[in-house]
Amino acid sequence: MKKSTVKYSKGEIGRVRVVDDFLPPPDQLVLREANVKVTLSLSQRSVEFFKRAAAKQNVPYQRMIRALVDAYAEKQEGRR
């Protein structure tokens, strides 16, 4: 199947509208939350599960566990 190519021409391109910059600065794009290190004992079965699941998503398994705990806490806070 042949790919179509874009043909550019010289001259005006029609009505142009300037849009105000609405994006935040780069240092505000990635919000870092304060993390607290804890020691937690999990079953080997659980850790192996998260390692397999995280490998499929190409993320660290600790990040996946943290996201799960965060989602649980947010859901529980909403039930008050």
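What radius of gyration does the protein chain have, and what would a compact globule of 80 residues have? A compact globule of 80 residues would have a radius of gyration near 12 Å, whereas the protein chain has 24 Å; the radius is taken over C-alpha atoms, and the globule rule is 2.2 Å times the number of residues to the power 0.38. This is a predicted model, in which local features need pLDDT of at least 70 and side-chain atom pairs count only at pLDDT 80 or more, while totals for chains, interfaces and linings use all residues. Residues are numbered from 1 along each chain as its sequence is written, and side-chain values use heavy atoms, with hydrogens and water left out.

Along its principal axes, the C-alpha trace of the protein chain spans about 65 × 40 × 25 Å. The chain has two helices and zero strands, where helices (H or I, at least four residues) and strands (E, at least two) are DSSP runs numbered from the N terminus. Of the 80 residues, 6% count as buried; buried means under 20% relative accessible area, exposed means over 50%, and partly exposed lies in between, with a 1.4 Å probe and protein chains only. The accessible surface of the protein chain comes to about 9100 Å², and 54% of that surface belongs to carbon and sulfur atoms, as computed by the Shrake-Rupley method with a 1.4 Å probe.

The C-alpha atoms of Pro-25 and Tyr-72 are separated by 31 Å, the two residues being 47 residues apart along the chain. Arg-32 also has its place in the segment before α1, a helix that covers 44-57. The relative accessibility of Arg-32 is 77%, so Arg-32 counts as exposed. Between the C-alpha atoms of Arg-32 and Ile-13 there are 42 Å, with 19 residues separating them along the chain.

Val-38 is another residue of the segment before α1, and it counts as exposed because its relative accessible area is 66%. From C-alpha to C-alpha, Val-38 and Ala-54 are 20 Å apart in space, and they are 16 residues apart in sequence.

Val-38 leads on to the pocket. The largest pocket has a volume of about 590 Å³. Of the 15 residues that line this largest pocket, Val-36, Val-38, Gln-62, Ile-65 and Arg-66 are the closest to its centre. Helix α2 (residues 61-77) gives the largest share of the lining, namely six residues.

Asn-58 lies in the loop between α1 and α2. Most residues other than glycine have a negative phi. Asn-58, however, has a positive phi of about 60° although it is not a glycine. With a relative accessible area of 71%, Asn-58 is exposed.

Within helix α2 we find Asp-70, which is partly exposed because its relative accessible area is 34%. Asp-70 and Ser-46 are 24 residues apart in sequence, and their C-alpha atoms are 17 Å apart in space.

Finally, the charges may be viewed across the whole chain. The mean positions of its 17 positive and 9 negative charges are 11 Å apart, where Lys and Arg count as positive and Asp and Glu as negative, while His and the chain ends are not counted. The place of a charge is taken as NZ of Lys, CZ of Arg, CG of Asp or CD of Glu.

Terms used
1 Å grid on protein atoms, 1.4 Å probe; cavity = no way out; pocket = protein on both sides within 12 Å on 5 of 7 lines; lining within 4 Å. Points joined across faces, edges and corners; volume = space filled by probe spheres on them.
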